[in-house]
Amino acid sequence: MTSRDQARELIERLHEIWGTGELDAVPEIYAADFVAHMPKGWGKGESRDGHDGIRRAIERIRAGFPDWREHIDDMIIDGDRVAVRYHSTGTHLGPFGKRAPTGRAIKVDELSIFRIENGRVAEQWCLNDDLAFDKQIDGKSLD
C-alpha cells in the first residue's frame with residue numbers, strides 16, 4: 001500500500017515530468033500497463049498504450065507547447081485514489097494536431113483521478129476544459 005506522502009510525491013512528480021519532458025522518468029511513475037480514460041470528445045475514450053502512450057502524449061503536448069506546465073491547485077488522497085484539480089499553461093509555439101503555431105498563451109483547467117497500484121499510477125480518468133483550450137488557441141475571449 002502506498003502511503004499518503006508517497007502518493008502525493010508520485011502525483012507531484014507526474015505533473016512535473018509533463019512540464020520537463022523527462023521521458024526516461026515515465027516507468028518510475030506509470031505502471032507498464034497504464035490505462036488512460038479520456039473525454040469521449042477526443043475520439044478515443046480509453047487508451048491502453050502504457051508507457052509508449054504516455055511518452056507520445058508528453059511529446060505531442062510539448063511539441064505544440066514547449067513551455068507546458070501543470071500546476072496543482074488541489075489534491076485529495078483516499079486509499080489508492082488521488083483526485084487532483086490543476087491547471088495547465090503553455091504557449092502555442094509548435095504544431096498541435098492540425099493547428100499551426102499561433103503564439104498564443106493558454107490556461108486550461110483540468111481534473112484527474114488517479115489510481116495507484118504498487119507505487120505506480122495504474123489508471124487515470126481525466127476531464128479537460130477543451131472548449132476553453134480551443135477558444136484560446138483560436139484567439140477568442142473566454143468571457
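Is Arg81 buried, exposed or partly exposed, and what is its relative accessible area? Arg81 is partly exposed, at a relative accessible area of 35%, where buried stands for under 20%, exposed for over 50% and partly exposed for the range in between, with a 1.4 Å probe and protein chains only.

The model shown is predicted, and for this reason local features are given only at pLDDT of at least 70 and side-chain atom pairs only at pLDDT 80 or more, whereas totals for chains, interfaces and linings use all residues. Residues are numbered from 1 along each chain as its sequence is written, and side-chain values use heavy atoms, with hydrogens and water left out.

**View 1. The whole chain and its order of elements.** The C-alpha trace spans about 45 × 30 × 25 Å along its principal axes. For 143 residues, a compact globule would have a radius of gyration near 15 Å, and the chain agrees with its 15 Å; the radius is taken over C-alpha atoms, and the globule rule is 2.2 Å times the number of residues to the power 0.38. Of the 143 residues, 42% count as buried.

**View 2. The largest nonpolar core, around Val82.** This core, a set of buried Ala, Val, Leu, Ile, Met, Phe, Trp, Tyr and Cys residues joined through side-chain atoms within 4.5 Å, holds 32 residues, of which Trp18, Tyr30, Val82 and Val121 touch the most other members. Helix H1, residues 4-20, gives the most to this core, with six residues. Beyond its neighbours within four places in sequence, Val82 is in contact (heavy atoms within 4.5 Å) with residues including Ala7, Ile11, Met75, Ile113 and Phe114.

**View 3. Ile29 in helix H2.** Ile29 belongs to helix H2, residues 26-29, and is buried, with a relative accessible area of 1%. Not counting residues up to four places away in sequence, Ile29 touches Leu10, Arg13, Leu14, Ile17, Arg120 and Val121. The C-alpha atoms of Ile29 and Glu16, which are 13 residues apart along the chain, are separated by 11 Å.

**View 4. Arg81 in strand E4.** Arg81 lies in strand E4, which covers residues 81-91. Its contacts, leaving aside neighbours within four places in sequence, are Ile76, Ile113, Phe114, Arg115 and Trp125. Arg81 and Pro66 are 15 residues apart in sequence, and 30 Å separate them in space, C-alpha to C-alpha.

**View 5. Asn118 in the loop between strands E5 and E6.** Asn118 is found in the loop that joins strand E5 (105-117) to strand E6 (120-128), and at 73% relative accessibility this residue counts as exposed. Phi of Asn118 is near 55 degrees, a positive value in a residue other than glycine. Most residues other than glycine have a negative phi.

**View 6. Asn128 in strand E6.** Asn128 lies in strand E6 and is buried, with a relative accessible area of 16%. Although Asn128 and Met38 are 90 residues apart in sequence, they are 8.7 Å apart in space, C-alpha to C-alpha.

Methods
Helices (H or I, at least four residues) and strands (E, at least two) are DSSP runs, numbered from the N terminus.
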